[in-house]
Amino acid sequence: MTTIASGTTVFGRDGLTRDALTVLQPGFPGTTAPDWLLRRLGEGLASVGLFGRNIASPEQLAALTAQLRTERDDVLVAIDEEGGDVTRLEVRTGSSFPGNHALGAVDDVSLTLEVAAELGRRLAACGVNLNWAPSADVNSNPANPVIGVRSFGADPDLVARHTAAYVTGLQSAGVAACTKHFPGHGDTAVDSHHALPRIDAAPAVLTERELTPFRAAIAAGTRAVMSAHILVPALDPARPATLSPHILTALLRDELGYDGLIVTDGMEMQAVAATYGIERGSVLAIAAGADAICVGGGLADDDTVCRLRDALVGAVRSGELPEERLADAARRVRALARWTANGDGRPGAPAERDRSGRTPSADGTGVRADVGLIAARRALRLTGDEVFTPLADPPFVASLTPVANIAVGDETPWGVAAELVRLLPGTRTGGFTGEDAGPAALAAAGERRIVAVVRDEHRHAWMGAALDVLLAARPDTVVVEMGVPQAPPRGALHIATHGAARVCGRAAAEVIAAGPHG
């Protein structure tokens with residue numbers, strides 16, 4: 001019997017070991033597949049996760065996914081491509097799609113479906129067939145540091161109808177949706193990348209608020225659901241959702257009737273890793289009802305894959321993890337892989353044709369290629385535009401920059417500066433942060449008109465203080481809010497974009513340079 005060595009442990013290449021590999025969704029470094037990853041695909045690994053570090057261009061990504069499929073033709077290629085602030089396809093330029101909060105602000109479910117279908121079409125064309133999106137979290141806590149504009153909004157019914165539309169649109173392109181973060185990450189003030197958040201809501205509130213969008217996603221046929229690393233005492237006072245049989249099996253499977261794939265959020269996130277460790281956490285997650293272990297945002301090497309594989313196999317052999325539970329998890333992974341490899345799920349499958357009568361895109365998919373810009377323009381909310389005169393001279397763009405959300409990453413550009421430079425050549429720009437941001441920006445601007453760009457002003461006292469300084473000295477300052485617009489609008493013109501994607505910046509810059517759209 002051929003064996004696989006991992007450290008001092010040797011396991012047979014049998015069904016148990018294959019199942020343990022099958023339930024893993026690891027990441028890897030680089031823009032081509034490393035030898036160890038191809039080898040593991042041959043041994044039973046069924047999924048890989050892609051991040052910004054793996055993508056240089058659509059052509060390169062298509063070549064990478066083709067390389068993966070030479071080893072396993074039904075491999076699940078997953079990505080965290082929400083559009084808006086969280087993009088991997090356009091990590092170095094910013095997204096062509098405005099993101100959930102902008103879509104929720106427009107509140108046109110046909111537009112949300114169209115945006116998701118176009119995003120799915122682009123993913124499928126690159127060979128990606130599983131998207132860790134959409135976020136179905138109801139952003140009920142304005143202080144939420146990790147969800148924010150990734151949510152469609154704070155109203156459960158609005159979030160539900162747009163979640164369902166997004167799932168339908170994405171999957172019409174043959175890309176499986178992974179609705180997240182179950183049972184809902186919206187009412188938190190802690191980022192689970194750093195620590196374990198706790199939601200102290202009553203069961204009735206959870207049922208009517210957090211669970212409503214997930215019911216809609218299940219009814220829409222979402223192929224996957226991602227668990228949240230959050231503690232919800234009303235559902236399980238002891239374990240976070242990812243590790244809780246009460247939440248994953250009793251609630252999601254039995255009560256809500258969901259029968260698709262359950263994927264964990266990243267297991268190296270501190271909410272789990274710092275308290276349970278990734279090996280123990282992975283065993284507990286599978287035992288609780290999860291089917292796929294997402295890992296690789298930070299830990300992206302063969303050693304991690306082998307450690308998790310060995311932990312799962314060891315847990316089965318010790319009796320801690322029932323073998324049938326691991327086998328059932330692997331079966332669900334393979335079932336989704338079959339869906340993506342056949343019919344609607346084949347890589348590159350065209351999106352469902354649009355029935356709204358809108359002008360189809362040039363490639364014949366029935367979806368407008370510029371739908372992201374259309375959505376971003378419609379999402380703008382302007383205050384003071386009745387008396388605003390478009391800028392004739394190049395301004396100074398003062399970006400008041402907060403610490404980047406880990407899910408977003410600090411490598412993705414944001415703001416309106418690049419677009420204003422394009423529309424008004426000679427525009428100068430600067431980034432500012434902290435208690436001296438206001439005076440520093442004022443000094444750097446000189447006599448130029450100031451465009452102050454903020455992101456979640458209501459969450460950052462220093463940002464509000466900086467705006468106080470700028471507006472006191474220069475009341476003609478234009479303010480662009482690219483986060484959740486909670487603070488009162490102010491400035492000669494206030495533009496709420498409901499997202500910080502490149503396309504949101506373009507829509508705002510057009511207004512500043514040319515005036516509101518008709």
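The legends below describe close-up views of a predicted model.

**View 1. Asn 100 and the residues around it.**
Asn 100 belongs to helix H4, which covers residues 100–106. The relative accessible area of Asn 100 is 4%, under the 20% limit, so this residue is buried. The side chain of Asn 100 has a polar atom 2.9 Å from the backbone oxygen of Arg 150. A polar atom of the Asn 100 side chain also lies 3.4 Å from the backbone oxygen of Ser 135. With neighbours within four places in sequence left aside, Asn 100 is in contact with Pro 134, Ser 135, Val 149, Arg 150, Ser 151, Phe 152 and Tyr 166.

**View 2. The largest nonpolar core and Val 263.**
In soluble globular proteins, nonpolar side chains tend to be buried together. The largest nonpolar core in this model has 108 residues. The members that touch the most other members are Leu 24, Leu 68, Trp 132, Phe 182 and Val 263. Residues up to four places away in sequence not counted, Val 263 touches Gln 25, Trp 132, Cys 178, Ala 224, Val 225, Met 226, Ser 227, Ala 292 and Cys 294.

**View 3. Ser 282 within helix H10.**
Helix H10 spans residues 278–288 and contains Ser 282. Ser 282 is buried because its relative accessible area is 0%. A polar atom of the Ser 282 side chain is 2.7 Å from the backbone oxygen of Ile 278. Apart from residues up to four places away in sequence, Ser 282 touches Met 267, Ile 293, Leu 308 and Leu 312.

**View 4. Helices H10 and H11.**
Two packed helices are described by the angle between their axes and the distance between the axes. For H10 and helix H11 (residues 302–318), the axes come within 9 Å and cross at roughly 50°. H10 and H11 are therefore oblique to each other. The crossing in which H10 passes H11 is right-handed. On the H10 side, the residues that meet H11 are Ile 278, Glu 279, Ser 282, Val 283 and Ile 286. Their partners in H11 are Thr 304, Arg 307, Leu 308, Ala 311, Leu 312 and Ala 315.

**View 5. Helices H13 and H17.**
Helix H13 takes in residues 371–379 and helix H17 takes in residues 502–514. Their axes cross at roughly 55° and come within 9 Å. The two helices, H13 and H17, are therefore oblique to each other. H13 passes H17 in a crossing that is right-handed. H13 contributes Gly 372, Leu 373, Ala 376 and Arg 377 to the contact. From H17, the contact involves Val 503, Cys 504, Arg 506, Ala 507 and Glu 510.

**View 6. Leu 467 in helix H16.**
Leu 467 is part of helix H16, made up of residues 461–473. With a relative accessibility of 0%, Leu 467 counts as buried. Not counting residues up to four places away in sequence, Leu 467 touches Leu 400, Ala 452, Val 454, Glu 457, Val 479 and Arg 490. Between the C-alpha atoms of Leu 467 and Arg 280 the separation is 47 Å, and the two residues are 187 residues apart along the chain.

Definitions and conventions: Residues are numbered from 1 along each chain as its sequence is written. This is a predicted model: local features need pLDDT of at least 70, side-chain atom pairs count only at pLDDT 80 or more; totals for chains, interfaces and linings use all residues. Side-chain values use heavy atoms; hydrogens and water are left out. Helices (H or I, at least four residues) and strands (E, at least two) are DSSP runs, numbered from the N terminus. Buried means under 20% relative accessible area, exposed over 50%, partly exposed in between (1.4 Å probe, protein chains only). A polar contact is a pair of N or O atoms within 3.5 Å; within protein, one must be able to donate a hydrogen and the other to accept it, and residues adjacent in sequence count only if both atoms are side-chain atoms. Contact means heavy atoms within 4.5 Å. A nonpolar core is a set of buried Ala, Val, Leu, Ile, Met, Phe, Trp, Tyr and Cys residues joined through side-chain atoms within 4.5 Å. Axes are lines fitted to C-alpha atoms, for helices over the stretch in contact, and angles run from 0 to 180 degrees between N-to-C directions. Angles under 35 degrees count as roughly parallel, over 145 as roughly antiparallel, 65 to 115 as roughly perpendicular and the rest as oblique. A crossing is left-handed if the near helix is turned anticlockwise from the far one by less than a right angle, and right-handed if clockwise.
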